[in-house]
Amino acid sequence: MQGEILMWEAFEYDTQPKTNDWYWTAGLSGVVVAALAFWYGNWTLGILALLTAATVIIAGARAPLETRYTITRQGISIAQELFPFEHMRSFSIDEENRVVHITLQRSLLSHLSLPLGEVSPEDIRATLGAH
């Protein structure tokens, strides 16, 4: 990418290994809520409970993707999406959890959390502080 100032790769999020008990608990919770909803005649809630349980199980089984984060002269690029500096209000670095938090001037997506990976927090602070 042209104008690249700093680039690193990191996983989208930290993941914890899940046991079979976790999957059983998520599935049975959805089934119990759905059964109670059907019993009381609330079909919409029952279907929603089953869909929610299925979504939680699928999302829990998904491995995080390794993503490329790039700070350019124009802004911050996450994978192929560019967030221009003009749309950023502020940033903070959580050094304990190794995450950069960025507040955007957008109503729908107003906050970004970028894992630091192997890059130094001081490098991020110096690079973003210049903008």
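This is a predicted model: local features need pLDDT of at least 70, side-chain atom pairs count only at pLDDT 80 or more; totals for chains, interfaces and linings use all residues.
Helices (H or I, at least four residues) and strands (E, at least two) are DSSP runs, numbered from the N terminus. Residues are numbered from 1 along each chain as its sequence is written, and side-chain values use heavy atoms, with hydrogens and water left out.

Tyr13 has a relative accessible area of 31%, so it counts as partly exposed; buried means under 20% relative accessible area, exposed over 50%, and partly exposed in between (1.4 Å probe, protein chains only). When residues up to four places away in sequence are not counted, Tyr13 touches Arg62, Ala63 and Pro64, a contact being defined by heavy atoms within 4.5 Å. Tyr13 and Leu116 are 103 residues apart along the chain, and their C-alpha atoms are separated by 11 Å.

Gln16 is also found in the loop between β1 and α1, and with a relative accessible area of 60% Gln16 is exposed. The C-alpha atoms of Gln16 and Gly60 are separated by 9.2 Å, although the two residues are 44 positions apart along the chain.

Leu36 belongs to helix α1, where its relative accessibility of 49% places it in the partly exposed class. From Leu36 to Gly46 the separation in sequence is 10 residues, and the distance in space is 7.6 Å, C-alpha to C-alpha.

Is Thr72, by contrast, buried or exposed? Thr72 is part of strand β2 (residues 66-72), and with a relative accessible area of 0% Thr72 is buried. Thr72 and Leu6 are 66 residues apart in sequence, yet their C-alpha atoms are 7.0 Å apart in space.

## Aromatic pairs

Rings of Phe, Tyr and Trp (its six-membered ring) pair if their centres lie within 6.5 Å; planes under 30 degrees apart count as stacked, over 60 as edge-to-face and the rest as tilted. By this rule the model contains three aromatic pairs. One of them joins Trp22 and Tyr23, whose rings are 5.0 Å apart from centre to centre with 85° between the planes, an edge-to-face arrangement. Trp22 is partly exposed at 32% relative accessibility, and Tyr23 is likewise partly exposed, with a relative accessible area of 26%.

Phe38 and Trp43 form a tilted pair, because their ring centres are 4.8 Å apart and their planes stand at 35°. Phe38 is partly exposed, with a relative accessible area of 27%, whereas Trp43 is exposed, with a relative accessible area of 56%.

## Positive phi angles in two loops

Ala79 has a positive phi of about 55° although this residue is not a glycine. Its place is the loop between β3 (75-78) and β4 (81-84), and with a relative accessible area of 40% Ala79 is partly exposed.

Arg98, another residue other than glycine, has a positive phi near 55°. Arg98 sits in the loop between β5 (88-94) and β6 (99-104), and its relative accessible area of 29% makes Arg98 partly exposed.

## The chain as a whole

The chain has three helices and seven strands, which follow one another along the sequence in the pattern β-α-α-β-β-β-β-β-β-α. Its radius of gyration, taken over C-alpha atoms, is 20 Å, whereas a compact globule of 131 residues would have a value near 14 Å; the globule rule is 2.2 Å times the number of residues to the power 0.38. Along its principal axes the C-alpha trace spans about 60 × 30 × 25 Å. Among contacts with a separation of 6 or more, 52% are between residues 24 or more positions apart.

Of the 131 residues, 31% count as buried. The chain exposes about 8,900 Å², of which carbon and sulfur atoms supply 58%; accessible areas come from the Shrake-Rupley method with a 1.4 Å probe, and for residues only the protein chains shown count as cover. There are 8 positive and 14 negative side chains, and the centres of the two sets lie 6 Å apart. Lys and Arg count as positive and Asp and Glu as negative, while His and the chain ends are not counted, and the place of a charge is taken as NZ of Lys, CZ of Arg, CG of Asp or CD of Glu.
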